[in-house]
Amino acid sequence: MATRIENKKLSKSSSAWMKEHIDDHYVQKAHKDGYRARAAYKLLEINEKTSLIKKGMTVVDLGSAPGSWSQVAGQLVGEQGILIASDILAMDTLPDVTFIQGDFREAEVFDSIMAEVGDRQVDVVLSDMAPNTAGNSAIDQPRMMYLCELAVDFALATLPEGGALIMKVFQGEGTQELRKQMQQDFSKIRSIKPGASRPRSKEMFWIAIK
Ligand SMILES: C[S@@+](CC[C@H](N)C(=O)[O-])C[C@H]1O[C@@H](n2cnc3c(N)ncnc32)[C@H](O)[C@@H]1O
């Protein structure tokens, strides 16, 4: 119950956040539907609108922990599909998901994921990566942009023509430049703000087709 979880040690703003989180429709729905995070509904809505993830596909999920996008992608690709997930944090195992733990900013981690992909053709790259935010956009935004640039590099290295990158961005400094740059390598880019994405959040998802 929301009111019982209120902890006297929490500040007013963090207990307000906790109440909002527990009351959140998508948090309750995720709990009921067995998803590890409310983020599952963002990918479900994106895929409803784009139909990019299909049975039998190979998908790489960057920034996968705690694993709700991997759960959704796993259901969409089915038993014949291949799912490789990676995060700087540990992630509880999921059936048929190969997980690589490490910091994506490190070349060895990038290379380990590439090695796991091997000769396979990757159909879709997902990136829901986001740094731990400091609440200061002068620090958070460049960190986020760097993760996005690395996700784009990975997508360009692994996707064939027609392959897709579904990537979270924080709208702000640097996004316009990145989009312009991506327009040179991707044939189509669209933006989706799913219903499960909090309206006040700067988060947006770019769907880029190579
Ligand atoms: C919004 S969460 C992802 C939620 C996930 N898509 C899900 O549905 O469960 C963002 C993730 O990005 C990861 N992340 C942040 N910086 C990273 C980095 N440098 N390398 C790898 N993962 C990173 C975080 O650890 C976090 O798990």
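Where is the place of Ser51, in which loop?

A: Ser51 has its place in the loop between α4 and β1. Before we go on, a word on the source: this is a predicted model, where local features need pLDDT of at least 70 and side-chain atom pairs count only at pLDDT 80 or more, while totals for chains, interfaces and linings use all residues. Residues are numbered from 1 along each chain as its sequence is written, and side-chain values use heavy atoms, with hydrogens and water left out. Helices here are DSSP runs of H or I with at least four residues, strands are runs of E with at least two, and both are numbered from the N terminus.

Back to Ser51. Its phi is positive, about 50°, although Ser51 is not a glycine. Most residues other than glycine have a negative phi, and most peptide bonds are trans. With a relative accessible area of 41%, Ser51 is partly exposed; buried means under 20%, exposed means over 50%, and partly exposed is in between, using a 1.4 Å probe and protein chains only.

Now for β1, residues 58-62. 5 of its 5 residues are buried, so the strand is largely enclosed by the rest of the structure. Thr58, Val60 and Leu62 point one way and Val59 and Asp61 the other way, and all are buried. In a regular strand the side chains alternate between the two faces of the sheet.

What sits beside β1? One partner is β2 (residues 82-87), paired with β1 in the parallel sense over 5 bridges; strands count as paired if DSSP finds at least two bridges between them. Leu62 stands opposite Ser86, and Val59 stands opposite Leu83. Another partner is β4 (residues 124-127), also parallel to β1, over 4 bridges. There, Asp61 has Leu126 as its bridge partner. Strands of a sheet pair through backbone hydrogen bonds, either parallel or antiparallel.

Zooming out, the open sheet has 7 strands in the order β3-β2-β1-β4-β5-β7-β6, with mixed pairing. At its edges stand β3 and β6 (188-192), each with a single partner strand, so one side of each is left without a neighbour in the sheet. Neighbouring strands are turned by 20° against each other on average, direction ignored. Angles run from 0 to 180 degrees between N-to-C directions, and axes are lines fitted to C-alpha atoms, for helices over the stretch in contact.

As for β2, 5 of its 6 residues are buried, so β2 is largely enclosed by the rest of the structure. It pairs in the parallel sense with β3 (residues 97-101) over 5 bridges. Asp87 stands opposite Gln101, and Ala85 has Phe99 as its bridge partner. The loop between β2 and β3 holds Asp96. Asp96 is exposed, at a relative accessible area of 65%.

On the helix side, α4 (residues 40-50) and α5 pack at an angle of about 35°, with their axes 8 Å apart. The contact is made by Ala40, Lys42, Leu43, Leu44 and Asn47 of α4 and Ser68, Trp69, Val72, Ala73 and Leu76 of α5, where contact means heavy atoms within 4.5 Å. By class, that contact has 7 nonpolar, 2 polar and 1 charged residues; Ala, Val, Leu, Ile, Met, Phe, Trp, Tyr, Cys and Pro count as nonpolar, Asp, Glu, Lys and Arg as charged, and the others, Gly among them, as polar.

Finally, the β4 side. Thr133 lies in the loop between β4 and α7 (137-158). Thr133 counts as exposed, at 52% relative accessibility. Not counting residues up to four places away in sequence, Thr133 touches Asp140 and Phe170. Thr133 and Arg143 are 10 residues apart in sequence and 8.9 Å apart in space, C-alpha to C-alpha.
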